[in-house]
Amino acid sequence: MLVHASKVSDSATPSLPAEDFKAVFRGHPGGVSVITADAGQGPVALTATSVASISVDPPLLVFSISAHSSASDVLSRAQTVVVHSLDVHDIELAKLGATSGVDRFAQDQTWTRLSTGETVFDNVRAWVRCEVVERIQAGTSTVIVARGLQSHIARDSQPGELGDALVYHNRSWHHLNADSHLGH
């Protein structure tokens with residue numbers, strides 16, 4: 001299902017300038033994921049910081065994809081996706097997914113196909129295979145809502161522990177550690 005958002009430009013109130021909007025979100029850290037999909041012509045992958053859990057029952061997550069991304073065409077047609085949740089051990093994969101103009105499946109990263117056909121990068125912290133349940137057009141992006149079908153966790157953190165979290169903040173990669181912990 002594709003839902004079209006109402007046009008923002010129809011409003012009488014002027015929008016915030018793009019540079020101001022970007023500046024706000026440069027200071028807002030995000031967890032790092034790589035999303036893979038294949039709509040039949042070969043797999044695509046991209047790094048995303050927009051992944052968020054929105055429901056536990058049913059298990060739903062959401063992410064957005066820019067129309068300018070080389071993966072947007074495939075993601076607009078794929079029925080399933082795999083969302084890889086990364087940590088600092090996966091930094092090279094995060095960088096690969098964020099690099100324009102490269103074949104993300106011809107690099108040093110190893111990957112396999114699940115029995116259901118989706119591509120999964122090997123040895124990542126965790127992944128969840130999802131069915132796309134809704135696509136919402138929003139400005140120059142598409143918001144994708146997906147339902148979790150299957151997951152795998154290779155490296156888990158105990159509740160309350162930082163683990164080896166990878167965060168993207170102010171145009172650079174960061175590792176959350178004991179020095180970044182502020183306590184309860």
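## Ground rules

The model is predicted, so to speak: local features need pLDDT of at least 70, side-chain atom pairs count only at pLDDT 80 or more, and totals for chains, interfaces and linings use all residues. Residues are numbered from 1 along each chain as its sequence is written, and side-chain values use heavy atoms, with hydrogens and water left out.

## Pro 59 in its loop

Pro 59 sits in the loop between strand 5 (52-55) and strand 6 (60-66); strands here are DSSP runs of E, at least two residues, and helices are runs of H or I, at least four, both numbered from the N terminus. Pro 59 has 39% relative accessibility, so it counts as partly exposed (buried is under 20%, exposed over 50%, partly exposed in between, with a 1.4 Å probe and protein chains only).

Setting aside neighbours within four places in sequence, Pro 59 is in contact with Ala 146, Arg 147 and Gly 148 (contact means heavy atoms within 4.5 Å). Cys 130 is 71 residues away from Pro 59 in sequence, yet their C-alphas are 9.3 Å apart.

## Val 24 on helix 1

Val 24 belongs to helix 1 (residues 18-26) and is exposed, at 52% relative accessible area.

An open, antiparallel sheet is built from 3 strands in the order 2-12-13. Strand 2 (30-31) and strand 13 (172-175) are at the edges with a single partner strand each, so one side of each has no neighbour in the sheet.

Strand 12 (residues 166-169) pairs with strand 13 over 4 bridges (pairing takes at least two DSSP bridges). Tyr 168 has Trp 173, in strand 13, as its bridge partner.
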